[in-house]
Each structure stands twice: as structure tokens, then as C-alpha cells.
Amino acid sequence: MARKDNVASVLAFEKKLVTSDGYMFGTQWDNRTQIVPLALQEKSVRGTISNRFKKSDVQSFEKDPTKLNAKVESANLQRVDSCALGLEQDTLNLQFSVKVIGGITQPSACNNALFKQGYSAAANTYIAEQGFTELARRYAGNIANARFLWRNRVGAEQIEVQVKAKNNSIEQAWTFDAYQFSTKDFDSNNEQTDQLAAQIAKVLASEDDFLLLEVSCFVLVGKAQEVYPSEELVLDKGKGGKSKILYDVKGIAAMHSQKLGNALRTIDTWYPEFSDPETNAGPIAIEPYGAVTNLGKAYRTPKDKQDFYTFFDNWARGEKLSRVEDEHYVMATLVRGGVFGESDK
Amino acid sequence: MIGEVKKLLIIPHINVHNANALSSPYTIGFPAMTAWLGAVHALQRQLNAHDIPVVFSAAGVVSHDMDLQTYKGENDFVRSIVGTGNPLDKTGARSAFIEEARCHLDVSLVIQFDNITIDERDNLLDAVSHLLHAKMKMAGGDIRDFQPPFCINSEEGVTEDLIKLQRALMPGYALIERRDLMIDAMENGADALDALIDYLAIHHQCDKDEDGKVTWSSSRKTLNNKPAGWIVPIATGFHGISEQGKAKNQRDPDTPHRFAESIVTLGEFKMPHRIKSIEDILWRYHQEGDLYLCQQAAQVAKAKKRDPEPHSIESEF
């Protein structure tokens, strides 16, 4: 078949793991009857100058050392948002919901019937062979290991993740001790995560089913410790002068849904550099180019033919990929969703 | 109209997350009316595909809460959009920021339906709940939660029926079409954009009394010496600007494509307890020549009274 006949210039998939914002509450580890919403606080701090100086500055300092003193002594005033537990609270409670939806065999927009047929066939084959069990196991692992806490996970003494299925038909609940699950790999076997994974896999493989999960996570971080909601991306802040703006919803400190979603899909251990102990970045988030924002690096470049598009273009047209891991990666990218249309020029 | 029994499907308190907040090509705020009627129509098509032959003929939208993702610092003059960071590109460099206004919404939908018997209603409600959870998006946002939908019969002119509906929708604000304001202003010689801005602009002025004390006051345009209401600009449809045909890379290759521009007019947010009849909050599709409109019956009646000529594009620029 000529490649030109089945190019989908409009092609989009909607996300199949839909996270809500994560709301932050403070409570006590031993007594969780009182759960209080955390509010943002504004702080004005008198910081110090600690950045590197420009070359030209350094030269002028050599000529006139008092200039250096003047510069370093001038205060670095900042106004920032912050968020911390209350004086009696030693535990952060993060609550959010995850909706898993099915129907991955149909793109949400596709303008080429031929391509759509080919893709659907490939997706159905994947579901028949793999049934999403591997992906679901990893998603469940990321719920159990509380990776979605991001920086709040660091230095916590104990972490307990409670998950409830809220469908009318399924009434199940699980409790995980997050420190029993590694964030470096997905090798652990656990009956509870297997149960959760089975539910997720069933829905992902379904035609139009859904699963509602409510996650409530308790993190013992210590009394009055600082916690970390998401930072807002405001490009032109104006003259207000606040240098860090945190996210809250109706006065409750919150984490962005996108950030929670990114943590849940941090399951990619199939990129080439994973096996190299020098450059290994641990599991990375599923992205078409394997991009990791905080490292400023893309782990799956088209140059190495390891990116999503290289795999997807052939796979959706009926070719088999050489490794089953690559198929996992392609399907996980589709679960993530996005606009994948190809220019027909 | 009086005596007509309407079958209504109410979906209360739909929580929509990260919806598209472009209410018209020029303004951000509550999502455009085309988004809501489109969502209702999409729901109908999904239901039809599940062998439920329902017809959704009209829809109203009531906003209970809206959280526009903008930021304004203490001394800032303007609000700025709170953006989202995009993943890095293939070289690992940061990709461009695309400024898109988003909002979180809590809305109720009132949908007039037909072609369903009383016995089939439970089936319809189950299917609607399922689809809202599993398939639907609204104004581009994710549906996070909603209260159980229900059906009521409502007879026009019967006060109890109206009160029952109002109670279900309060507290909230229904979106009402106010193209009459535009027509009025334009008949008095204003150009469309001026007419639109006239009702939205806030005028600040200062007075100096004898002691030299300066007092500032702000005001918006009034209507008959009363505040005109909570007036907002909204997009209510499209005006075709090319012939139907095929365009390159069109979304659906089997349906003829046509280029169009948005039609922007004024709308008003009004508490449902102030409406006189259910028809007042319902919007319907209307197609006529180059115009593809979402419109309200009351507005059509008003326009007809004023202007025998049915072709009057009130605000297209």
C-alpha cells in the first residue's frame, strides 16, 4: 500500500488517565479525625545576593573591592508564596481522583479512514495479546509508591496511600505503604497492586468503560513542616512583585492535575539509556520524545529512531515492532493522549 | 406556547476541569454558547449510537461557579493568563509557550428532549451518566464529577413547574442572549464593535469638590437608568464566508467543509428565579443561508417585532 494513501493529517487521542487537581490538607498521623485545608501564605524575605557575577562585574571588582561589598551587602528582597502544615499538624493529606477510561481503539479525531482501520487493527491485536496488563501494573505501581507527591515525598517518615474505587459496580478499597514500593523499578509483586492493576487493565482494554479512583494519601512529614503545592506559570506577572505564585483552588493549596498525571505515567524504563548505569535517569514519563523537563533532556530522539513517531508510523500500518517493550511504549503514549497528525506533503 | 409540555433532562453541577475559556475570538471568560450546544449535540449522537433514539432539541446552561485561570498581583493593572508548560521538544529544548486561557466550571445543563417514552427514561439516564463519565468532554475540559441527572415534565405557563425547575438550578446564573442591546445600539447609529464595547467598558471619572477633594467613581453603561445587568460578550454561532466544498486536511473527509467566522454578540447572566418561562433560558440551533446560529426564541420574537426583514446580522465583524 502506498504510504501516501493512508496519512492521517488530523489525528488526535484524548487522555485515558484523567487526573483531578490534588488538594492539600493538614492532619495528625495518629488522629485523623480533623482534616483541615491548607492555605497559601505570603512571605516577604530578605535574601542575600548569591548569583554568579558577570565577567565585566568581576573585572570592576578587582579594580575597586568596595564595589563588591556594596553589591553583596545590598539585600535581595523577595515576595513569595509558601505553604506549610499547622503547628499541631504533622501529616500532609493529599486528595485527588483518577478516572481511567476505555476506547483506545478509536482515535478521537482521524481524517483518514484507511489509517484508522490499520490503527484499530493494530490496537486490537495489542489488547488481545497484552491486555494492558503491563501498563496497568506500572500505573498501579505509581499510585502505590506515591510518586505523585513529587517533592513532598522526599524525607517523609511514613506514607500511606488509600485508594477507593467509586464506580457503582465496583466497591473496592486498597491501602498501600508507599515505602514498600520502589520508585526506581516496577519489579515488586504485591497482591494489592495486582488487584488494582487488574481493574485498570480491564477498563483500558474496554470499549467504553470507566473506573473512578479516589486517592487519599497521608504523608508524615513533621509538625509545621513546609509542603509543596504546584507553582503557577505566569509569564508576565506585571509589577505585583511576587516572584513565586503557588496554586490554590478556592483557598485550598493544590497540585496541578498535569503534574499528577505526569507522575502516574512515569513508567518508561524502555528507553535505550535506561540500561546504562552512568546515564540512567530511572523511569521517565511517557512522552513522544522521552522528554524530562527537570533534566532538560529528551531521551528518545528521532536520530536514534527510538521516538514515538518512528515506532507508531510503522506499527499503525500493520508492521510488527521488534520488541514488545516498544509496543508498550507506543500504547502508553496513546494512553497519555495528544495530537499526532502527520503532514501529508 | 402556553400549555406546551416540555420534557426536560437536567444534569446538575457538572464539574468541568481545564475547559477552554475563549468565549469569543476576542475575549476570555465563560465558554461560548456554541461549545455547550455542541456538547449536548455530541451527547445525543453518542446516545443514538447506543440505540437510544433521543432527540435533544434545545439546551440551557446555568453557571454555578467559574474559576478563570488568570493571575493579578496586588498592583497590577491587567490580569495575565496562567499558562501550562509544554513538554520539551526532540532536542531537549523548551518548546514555545502557547497562551491558552483555561477555566474550571460548575455548570448545570437543562436539555429539552423528545422521542423517549416514560418507561425508557431510566435507560436514558443510565446511558447519560455512563457517557458523561466515559466519553464526554465539555468545552474541551474533563468532566470530573456531576450529580445524578433526572427528568422532569414542565408545562409552559404552569407556575409550579417553573418553580420546580428554578429550585433545581439555584443558586446560579443562566446565560441569556441579549442581541436586542446590540440591535438597539446599532439602530442608533453605533458600529457593531462600538455597540459591544459600550456595554462592557467601565468608565472611571473623578469629581473635585470646593475643598479640592477628589472623589473617583466608576460606572458602566445603564439601560433606562438602571444597571443593564451582568452583560458579557459571547460567541453564538458562525457566518459562512466561503462556499461549501473540500478543503485540504479537513477534519472529516466525508462532510463538506466551509470556512466561517464567529458571530459575537452580547449575553447576560441572569438568576433563574427571575425568568418567566422555561423557554427564556433555552437555546436552539438555527440555520439560515450563511448563518449558523445558537439563538433564543424570545430574542427572535423581539427582533421580528422590530424588523420585518429576517436578515439582520446584528454583530458580525
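B:Asn18 sits in strand β1 (residues 5-20) of chain B. Strands here are DSSP runs of E with at least two residues, helices are runs of H or I with at least four, and both are numbered from the N terminus. The model is predicted, so local features need pLDDT of at least 70 and side-chain atom pairs count only at pLDDT 80 or more, while totals for chains, interfaces and linings use all residues. Residues are numbered from 1 along each chain as its sequence is written, chains are lettered from A and ligands numbered from 1 in the order in which they are written, and side-chain values use heavy atoms, with hydrogens and water left out.

B:Asn18 has a positive phi of about 55°, although it is not a glycine. Its relative accessible area is 16%, so B:Asn18 is buried. Buried means under 20% relative accessible area, exposed means over 50%, and partly exposed lies in between (1.4 Å probe, protein chains only). Most residues other than glycine have a negative phi, and most peptide bonds are trans. A cis bond runs from B:Met170 to B:Pro171, with omega near -15°. B:Pro171 belongs to the loop between α3 (159-169) and β9 (173-177) of chain B.

Strand β2 (residues 55-68) of chain B holds B:Met66. This residue counts as partly exposed because its relative accessibility is 26%. B:Met66 touches B:Gly29, B:Phe30, B:Cys103, B:His104 and B:Leu105, leaving aside residues up to four places away in sequence. Contact means heavy atoms within 4.5 Å. B:Ile263 is 197 residues from B:Met66 along the chain, and their C-alpha atoms are separated by 23 Å.

Two helices of chain B pack together. Two packed helices are described by the angle between their axes and the distance between the axes. Helix α1 (residues 33-49) and helix α2 (residues 121-134) of chain B pack at about 115°, with axes 10 Å apart. Axes are lines fitted to C-alpha atoms, for helices over the stretch in contact, and angles run from 0 to 180 degrees between N-to-C directions. From α1(B), the contact draws on B:Leu43, B:Gln46 and B:Leu47; from α2(B), it draws on B:Leu124, B:Ala127, B:Val128 and B:Leu131. By class, this contact has 6 nonpolar, 1 polar and no charged residues. Ala, Val, Leu, Ile, Met, Phe, Trp, Tyr, Cys and Pro count as nonpolar, Asp, Glu, Lys and Arg as charged, and the others, Gly among them, as polar.

Chain A contains 8 helices and 18 strands. Its C-alpha atoms fill a box of roughly 75 × 55 × 40 Å along the principal axes. Of the 345 residues in chain A, 50% are buried. Among contacts in chain A with a separation of 6 or more, 72% join residues 24 or more positions apart.

A:Asn152 lies in the loop between α4 (133-144) and β9 (158-165) of chain A. A:Asn152 counts as buried because its relative accessibility is 3%. Its side chain reaches the backbone nitrogen of A:Tyr228 at 2.7 Å. A:Asn152 also touches residues including A:Met24, A:Leu92, A:Val219 and A:Met255, with residues up to four places away in sequence not counted. A:Trp150 is found in the loop between α4 and β9 of chain A. Phi of A:Trp150 is near 50°, a positive value in a residue other than glycine. At 31% relative accessibility, A:Trp150 counts as partly exposed.

Definitions and conventions
Polar contact = N/O pair within 3.5 Å; in protein donor to acceptor, adjacent residues only side chain to side chain.
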